[in-house]
Amino acid sequence: MFGTHGTGDTSGYGGLVRTPAATGSSERPYGSYFDDVADDLERAYPAFSDAIERVVVDRGELTLHVKREKLVEVSKILRDSLKFEMCMGVSGIHYPEQNGRELHAVYPLLSITNNRRIRLEVSVPDNDAHIPSVVEVWAGNNWHERETFDMFGIIFDGHPGLTRILMPDDWQGHPQRKDYALGGISVEYKGATIPAPSERRSYR
Amino acid sequence: MTTFTDPYSSSRETTEGTVFSVTGGDWNELVTEIGATKEERIVVNMGPQHPSTHGVLRLVLELEGETVTEVRCGIGYLHTGIEKNIEYRSWTQGVTFVTRMDYLSPLFNETAYCLATEKLLGITNDVPERASAIRVLMMELNRISSHMVALGTGALELGAITPMFFAFRERERVLDIFEMISGLRMNMAYIRPGGVQQDLPAGATQKIRETVKEMRKAFKDNSTLLIGNSIWMKRTEGIGYLDLAGCTTLGVTGPVLRATGLPWDLRKTQPYCGYENYDFDVVTTDTCDVYGRFLIRMNELEQSLRIIEQACDKIDKLAGAPVMVEDKKIAWPAQLAMGGDGLGNSLDHIREIMGTSMESLIHHFKLVTEGFRVPAGQVYAAIESPRGELGAHIVSDGGTRPYRMHFREPSFNNLQSTAAMCEGSMVADIIGAVASIDPVMGGVDR
């Protein structure tokens, strides 16, 4: 629990190290309204096959894996032509074992006009964790991108003010990355220091 | 310049101008001193310890006289790292964490989390109907208790104390029901992946029906007190304006969005837990202001009561039906019962695992300590919480613990609209505008 180091294996008492299955692209027909969404996007955006790396349909949800250079372009088309008026934020995921694409950013989109949901996913390497910001497309993503930067260290280029939002400004590291161990920090209050939970005797 | 001897208020010179620290003391002295400065522009730090900012929200206001020219929110004072912690707990234990996010609507957090987990497990359709009806019942009761805090504290912050007493009186009735059903008044971890923790106690629906009748009568106290009240109207009408375009671009959902006239309610548009089988209306207003949002919350109370009555009928009809999925690899093995010293494992269950079946004991032990495995993949499940779209994005790597969990909190998102609502208004109107968003800092910071 506290202070996991090394593999960061949290699989439980089985001690099994698992690697998430990398699902391949789904085959047409995708089912539901997903074929319509893909068709509409292809029509409105001729560079579809270049910008969309994979189309995944899993558990009744459609995920478009977008190249990061094309993210803003695709977002604008999705908003204006396909009526995905709302972006419900961005959620980061850290897969340390996926070489060259360690950090993922997931954008759930909502279309009120058509009552549809899809998801965009962008993956970037850890040593070049830059993703263009979509704040100019959906202003409401402002805080969400700040949170993902805070927690994962993904830098959203073009964001109007990319600063930490939940952690203190001078915090070291990005807490929700898998290489950031769960543990506590000691608290100093009025001269007395209270050790972090992970450093207390009962947990060691 | 006078020197303050009061330890609670002082001033000092900085490169940015004079900084006044006020935490109490003689207000007149301070006003005199601020009046002596030449500049009209003042930057005021409001919160994070301020009774009107709805918890530990910090607002940085730039004022020209009494007009607010710029608002910035400072959040993070209640960050508890729930999303990180949950990666180190089993899927069932996760419920105990998420329930503590938005502490005014714990059952919504639990439901969003469980719906997402069930979607990952592929058992969405296996959840028993009775369990879904109990979830709906609990959520709608929770919607009432949450709206009661929104209305009560909102009115209190604008200077009206009586509505707060009325609101908390009704909230208390709901919390009593929660206590009767789950044993806890808040953070109950009652809704679990696959169903609910335990069945309703005997006579629960009867008690709920009586309470619904009482509440329906008692809600009138607040509506007669506030609707059309000239002071209340002056403090709320035309305040905190945010129209449909503003809402969509800022991703704002819930009562704030419905106050623009758009009937967007996930219970109707993208039903879950069988909401399509209930008869209720989506409440809207078209004023885009604080008063409209207040009216929506007031009227949603009645709609929730309607749903609760229908849920009670459904639960009565399904008497004896299971409240947890049949799959023994997922369903919590314990059979809980109320004993003299509170809730615990039923004696029958203890007798079985300790006395007769070793396999049952092993099964119980494995499931409780290690938990069940969830196939790899990612899902997003969204529900309509009292504050808007509450989404759970959960990633599994096939293990016994969530690989990554992120909550799309409506409070977190909607709080962004403070600047759009308040810039150009009076300082006093910020209080009303923030109260109408109804942010819960536990949800904002997680």
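Trainee: How much space lies in the second largest pocket?

Mentor: Rolling a probe the size of a water molecule over the atoms shows where empty space is left. On a 1 Å grid over the protein atoms alone, a pocket is an open set of points with protein on both sides within 12 Å along at least five of seven lines; a cavity is a set where a 1.4 Å probe fits but cannot get out; lining residues have an atom within 4 Å of a point. Points are joined across faces, edges and corners, and the volume is the space filled by probe spheres set on them. Here the second largest pocket holds about 940 Å³.

This is a predicted model: local features need pLDDT of at least 70, side-chain atom pairs count only at pLDDT 80 or more, and totals for chains, interfaces and linings use all residues. Residues are numbered from 1 along each chain as its sequence is written, chains are lettered from A and ligands numbered from 1 in written order, and side-chain values use heavy atoms, without hydrogens and water.

Trainee: Which residues lie nearest the centre of that pocket?

Mentor: Leu166(A), Met167(A), Pro168(A), Trp171(A) and His79(B), out of 36 lining residues. The lining divides into 17 nonpolar, 12 polar and 7 charged residues. For these classes, Ala, Val, Leu, Ile, Met, Phe, Trp, Tyr, Cys and Pro are nonpolar; Asp, Glu, Lys and Arg are charged; the others, Gly among them, are polar.

Trainee: How many cavities of 30 Å³ or more are found?

Mentor: The whole structure has 4.

Trainee: How many residues does each chain bring to the contact?

Mentor: Contact means heavy atoms within 4.5 Å. Chain B gives 54 residues and chain A 55. Buried area is the accessible area (1.4 Å probe) that two parts lose on being put together, summed over both. For these chains it is about 4,600 Å², with 54% from carbon and sulfur atoms. Lys84(B), Tyr88(B) and Tyr403(B) supply 15% of the area that chain B buries against chain A, more than any other three residues.
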